[in-house]
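Welcome! Please take a look at the structure below, and then read on for a short tour of some of its parts.

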Amino acid sequence: MGQPLRAKRSIRHLGLWVCTLLFLSCNSLKLVGDDQLLVKKNVIYADSVKVSEEAIENFILQEPNSTILGYPLRLNLYNLAKQNPDSSFQAWLHKKENREKRLNKILSEKQVSRLGESFLVKGLSETLKKIGEPPVILDTALTRATMERLNAYYKAQGYLNNTTSYSIDTVASSQRALVDYRITLNKPFMVDSVAAIIASPTIDSLYRLNVADAIIKKGSQFNVDEFGRERERLTEVFRNNGVYNFQESSIKFDIISDTTRLANDQKMGAILNIDDLRKRGEGTITTEPYKVTHFENINIYTDFLFDDNNTQQEFIRYNGYTIFYRGKLRFKPKALTDAVFFEKDSLYRDIDKVRTYRQITNLGVFKYPTITFDTDSTRRKLTSNIYLAARPKYSFGANLDVTHSNIQRIGMAVSPSLQARNLFKGAENLSLSTRLSLGNSSDPNIQDNRFFNIQEYGADLSLDFPRIWFPFIKTNTLIPSYSLPRTRLSVGASFQQNIGLDKRTLNSVLGYSWKPSQRINHNIELLNVQFVNNVRPDQFFSFYRSSYAELDDIADAYQDDPTLSDFFETPKGQTEPRLEIPDGTAGLIEAVRNNQIVGLSSEDRTDVGRIEERRLRLVEDNLIFASNYTLNLNNREALTDNDFYQFRFKIESAGNLLSGLSQLIPFGGEEGSREVLDVVFSQYLKGETEFVKYWDFRRSNVLAFRSFFGIAVPYGNSNSIPFVRSYFAGGANDNRGWFPYSLGPGKTNAINDFNEANLKIALNLEYRFPVAGNFKGALFADAGNIWNVFDNVEDPDAKFKGIGSLGDIALGSGFGLRYDFTYFLFRVDLGFKTYNPAEEQSKRWFRDYNFANSVLQIGINYPF
């Protein structure tokens with residue numbers, strides 16, 4: 001009876017929402033006059049085929065009111081506002097004869113007047129108008145203008161004889177209009193011949209050498225946009241072959257206007273005209289042929305200060321470059337010249353100019369550079385002047401955060417940082433960042449009586465420089481300077497006090513990165529070393545409470561055994577004994593392992609063994625000696641581009657170097673494992689792929705998709721993956737129907753405080769749309785889970801056993817509200833457990849699909 005009853009209630013609630021929406025939708029026509037029509041929809045047909053390209057739809061001058069899932073929220077918010085709140089207030093004030101007199105007895109006349117200006121009377125209406133949207137009333141003048149724009153667009157595409165028309169259909173006399181735009185394209189015009197008239201012999205020669213790549217060719221369809229792209233292509237060709245001052249305005253196309261031919265066979269000829277260089281003098285304009293230029297002088301000004309131009313400059317010459325400085329040269333000449341892609345006696349190339357700008361900026365020690373060019377009297381010799389202004393040698397920053405989490409009720413964190421630029425005169429940048437976090441915890445196991453009874457502190461020191469440093473190997477030929485190469489050396493440490501097991505972490509990284517193009521980014525960490533030391537392993541059961549609760553439940557069945565009495569204690573204020581930590585928990589586990597408990601069931605033995613296996617894995621110290629490679633592909637053009645994809649691939653290997661050294665150096669350790677500094681080093685292979693795709697549905701409506709697959713396989717010296725390299729599921733950037741670490745593994749019901757595994761699958765789909773002003777909305781569905789595979793976990797519910805385990809993929813869905821602060825986005829999402837694999841097979845769908853069991857997730861920026 002429970003399930004049908006809930007279903008009936010859901011149907012009633014749904015019906016109530018539908019009725020409410022229908023009632024509000026009636027308000028859409030509130031401000032539409034009797035002789036007016038509200039624009040409901042526009043449709044464009046080209047030769048009876050519906051057009052859905054956004055670039056073409058943008059020609060429509062009257063878009064319908066925006067909707068959220070078909071509901072015109074902003075229009076109805078606008079309609080709720082009083083159009084003339086002053087008049088409405090006066091009408092209300094004088095509607096009843098004695099109302100104004102009664103108000104005047106309570107308030108003064110001035111206060112009554114201010115009441116009319118108050119937020120509830122006037123301010124609310126103004127706010128609703130601001131975030132709302134006025135009704136889009138059909139204007140046939142704009143409809144005709146749209147028709148003319150469509151006609152012009154298709155003419156530009158080669159359909160010079162196209163005809164356009166429009167029709168207006170009212171929707172069942174409901175004062176709503178559907179506007180159809182119909183274009184009959186007719187036969188397109190084709191380019192019948194291409195001729196070239198070029199004034200400068202140098203330009204003519206370059207054109208002939210590159211004519212095979214021309215966009216405008218005989219037999220191609222006439223298209224105004226392609227003529228523009230051909231102008232851009234030719235400009236790029238000339239400016240990358242020595243003609244530094246070529247002007248795109250010198251290129252013109254003439255179309256043969258034989259009206260007879262146009263009418264009969266839709267063919268036209270194109271004539272390319274490239275004029276000489278136009279120069280403006282004193283009241284006159286002169287021309288001269290374009291010439292190819294070579295670099296004669298390349299000057300680098302390292303102290304380009306606008307307020308100190310009178311100071312005497314000195315200079316040195318280095319490999320064909322002249323470097324100017326004031327006082328003392330603060331940079332190694334090679335560090336400067338490696339960032340400049342112009343060379344003495346070489347041809348000017350525009351691409352070298354772009355690369356020089358990028359690489360100088362990439363050094364991180366200069367502000368935006370300025371590059372100018374001068375020629376000699378022959379117009380063939382070029383002088384480049386590169387003006388640089390150095391950034392401050394040192395800079396300091398600090399952040400202060402107030403935090404709250406499941407570990408601390410309130411916390412404060414301060415993170416000061418110091419950056420030293422150009423440390424060794426080769427554009428090396430050193431950064432030191434520290435952090436100190438103080439928090440208050442109610443954990444009864446913490447003996448510290450101070451208010452801030454938990455602390456975490458650490459520091460990171462990082463040195464990076466703009467080149468690939470690799471001993472004994474020259475990498476310039478493999479990774480050229482224009483790919484923005486960088487080397488990073490870093491070391492860091494962090495320490496915890498009264499937090500869990502009080503981890504102490506040391507890490508160091510030697511990494512390289514380079515970017516051969518705007519869309520490709522490579523990153524290699526040749527060495528990534530991490531050492532994790534757990535200072536208080538005896539506090540495992542104090543921190544991992546779910547493991548303790550499970551062990552204590554097992555112990556309850558045997559608490560009357562006199563041989564186990566020393567393992568129990570009765571907490572103050574309670575009557576039931578509990579396992580004492582740490583001696584009692586350790587003693588019970590040891591008794592189980594040594595078969596000292598009478599009547600112990602095989603199920604309890606298995607469960608205790610599983611708990612102890614997890615404890616040993618989480619309290620053991622970790623030494624991770626890894627290398628990894630990451631490839632990032634991204635075709636996003638700009639931050640406002642909402643139609644793009646991203647792809648990331650990462651492969652990591654740990655322990656192989658130490659394993660190889662163990663053949664030469666006799667490492668210690670128990671049988672089957674090897675240790676370095678008394679720590680068993682980790683050995684595994686880990687791979688990840690992530691794909692993100694955005695689709696732009698116009699008017700800031702975006703569909704975003706993400707897929708992730710990751711697996712880490714232990715082998716050799718390890719039979720499990722370190723906790724810090726494992727996967728977890730749930731959280732604000734993952735499956736939002738579950739809290740972090742609370743989903744999985746597999747179909748287990750979150751049996752641990754922090755659930756993790758070594759295989760993860762995640763799929764996310766999110767529809768994003770504008771709501772009002774800077775408020776954005778989203779509907780989402782998140783699928784995925786984590787599993788154990790190829791490791792020492794024996795629980796069958798937590799293991800991935802093949803295709804059938806995909807039935808354990810959890811599904812969360814929900815909605816979110818975001819506020820866009822321009823520089824960042826604040827996000828609140830409400831997730832619901834839609835399909836929960838931890839439930840019985842018949843109860844997995846929608847069992848906890850209600851607000852009482854929803855999960856509130858808060859995040860900054862989009863989850864993917």
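Helix α15 passes α17 in a left-handed crossing (left-handed if the near helix is turned anticlockwise from the far one by less than a right angle, right-handed if clockwise). Helices here are DSSP runs of H or I with at least four residues, strands are runs of E with at least two, and both are numbered from the N terminus. This is a predicted model, in which local features need pLDDT of at least 70 and side-chain atom pairs count only at pLDDT 80 or more, while totals for chains, interfaces and linings use all residues. Residues are numbered from 1 along each chain as its sequence is written, and side-chain values use heavy atoms, leaving out hydrogens and water.

The axes of α15 (residues 545-556) and α17 (residues 602-619) come within 10 Å and cross at roughly 155° (axes are lines fitted to C-alpha atoms, for helices over the stretch in contact, with angles from 0 to 180 degrees between N-to-C directions). That makes α15 roughly antiparallel to α17, a label for angles over 145 degrees; under 35 is roughly parallel, 65 to 115 roughly perpendicular and the rest oblique. From α15, S547, E550, L551 and I554 meet residues of α17 including D604, V608 and I611 (contact means heavy atoms within 4.5 Å).

## An open sheet

Now to some strands. The order β11-β12-β10-β14-β13 describes an open sheet of 5 strands with mixed pairing (two strands pair if DSSP finds at least two bridges between them). β11 (314-318) and β13 (370-375) stand at the edges with a single partner strand each, so one side of each has no neighbour in the sheet. On average, neighbouring strands of this sheet are turned by 20° against each other, direction ignored.

β13 pairs with β14 (residues 381-387) in the antiparallel sense over 6 bridges. I371 has I386 in β14 as its bridge partner. Helix α13 (residues 350-363) packs on the sheet and touches β13 and β14, its direction making about 145° with that of β13.

## Hairpins in a row

Which strand does β19 join through 10 bridges? The partner is β20 (residues 503-517), and the two run antiparallel. They form a hairpin with 5 residues between them, and N498 in the turn has a positive phi of about 65°.

β20 in turn is joined to β21 (residues 520-534) by 13 bridges, again antiparallel. This hairpin has 2 residues between its strands, and S517 has I520 in β21 as its bridge partner.
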